[in-house]
Amino acid sequence: MVFWIFGYGSLVWNPGFEYDEKLIGYIKDYRRVFDLACIDHRGTPEKPARTCTLDASKGAICWGAAYCVRGGPEKEKEAMEYLERRECEYDSKTLVDFFTEEDSLHPALTGVIVFTSTPDKVSNKYYLGPAPLEEMARQIATASGPCGNNQEYIFKMEKALHDISHEDDYIIELANEVRKVLGITESVPNEKKLLSPSQIPLKSHISPVKILPLSEAIAAVAADS
């Protein structure tokens, strides 16, 4: 038996279990939201953190990482038990198709497991639901737990998506709002600023460089000096 698990939150940068293969890709008709409470990692029961869950949204895509675990029942059982302890706030598992950048029509994998949560505050005690951006940012900026603070989580999420070249506008907007609450002016540290396709000059827009013979170049320099 082999199973694949899709990570869209901290599993993207910190899987924490032994896996045999990793693929970067996305699932369809889901979007990443910060609507779930975390009371044992980066928050407490008295002051819960906000963490990622998935919201069903037709036409949306959610980028992340898929991990394969193979090697026999014991290894697979150990990995799944670890994941169930870690993802204890998620009340269900869903099977999804997983796509890669190379083919958006045909899934690279089917039957991939993803931890999800029921969007109902009555049946799911961990579901916080949506809130105004400013309110979520204040909660994230101030919550902390045994594994660290909530602000670190959102900033690592932002960087992890940047590192796989598939940033999430929702995450960037929320992270920037958290920075505003904390009084931080710098955004996610990038090695270099990436150009969008509209900023990259086309060859037809670049003037050709004229190479002068050495004698003419010397004469031009003398004339300018």
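The model under discussion is a predicted one.

The overall architecture comes first. The protein chain contains five helices and seven strands, and along the sequence these elements follow the pattern β-β-β-α-β-β-α-β-β-α-α-α. Of its 225 residues, 40% count as buried. Among contacts in the chain between residues at least 6 apart in sequence, 71% join residues at least 24 apart.

In soluble globular proteins, nonpolar side chains tend to be buried together. In this model, the largest nonpolar core comprises 50 residues, and Phe 34 and Ile 154 have the most contacts inside it. Strand β3 (residues 49–69) contributes the largest share of this core, namely eight residues. When neighbours within four places in sequence are set aside, Phe 34 touches Arg 50, Thr 51 and Cys 52, as well as Met 136, Ile 140, Tyr 153, Ile 154, Tyr 170, Ile 171 and Leu 174.

An α-helix has 3.6 residues a turn, so residues three or four places apart point the same way. At the start of α4, a side-chain oxygen of Asp 168 comes to within 2.9 Å of the backbone nitrogen of Tyr 170. After the helix comes Gly 183, with a positive phi near 75°.

Most residues other than glycine have a negative phi, and most peptide bonds are trans. Ser 165, however, has a phi near 65°, and at 57% relative accessibility this residue counts as exposed, because the threshold is over 50%. Asp 29 likewise has a positive phi, near 65°, but this residue lies in strand β2. With a relative accessible area of 29%, Asp 29 is partly exposed.

Strand β2 also holds Ala 37. The relative accessible area of Ala 37 is 5%, so this residue is buried, the limit being under 20%. Apart from neighbours within four places in sequence, Ala 37 is in contact with Pro 48, Ala 49, Thr 51, Glu 89, Tyr 126 and Leu 128. The C-alpha atoms of Ala 37 and Lys 47 are separated by 9.4 Å, with the two residues 10 apart along the chain.

The remaining feature is empty space. Rolling a probe the size of a water molecule over the atoms shows where such space is left. The largest pocket holds about 410 Å³. It is lined by 24 residues, of which Ser 10, His 41, Arg 86, Glu 87 and Tyr 153 are the closest to its centre. At least two lining residues are supplied by each of β1 (3–7), β2, β3 and α3.

Key: Residues numbered from 1 in each chain as written. Predicted model: local features only at pLDDT ≥ 70, side-chain atom pairs only at ≥ 80, totals over all residues. Heavy atoms only, no water. Core = buried A, V, L, I, M, F, W, Y, C linked by side-chain atoms within 4.5 Å. Buried < 20%, exposed > 50% of the residue type's maximum accessible area, 1.4 Å probe, protein only. Helix = DSSP H or I, 4+ residues; strand = E, 2+ residues; numbered from the N terminus. Contact = heavy atoms within 4.5 Å. Polar contact = N/O pair within 3.5 Å; in protein donor to acceptor, adjacent residues only side chain to side chain. 1 Å grid on protein atoms, 1.4 Å probe; cavity = no way out; pocket = protein on both sides within 12 Å on 5 of 7 lines; lining within 4 Å. Points joined across faces, edges and corners; volume = space filled by probe spheres on them.
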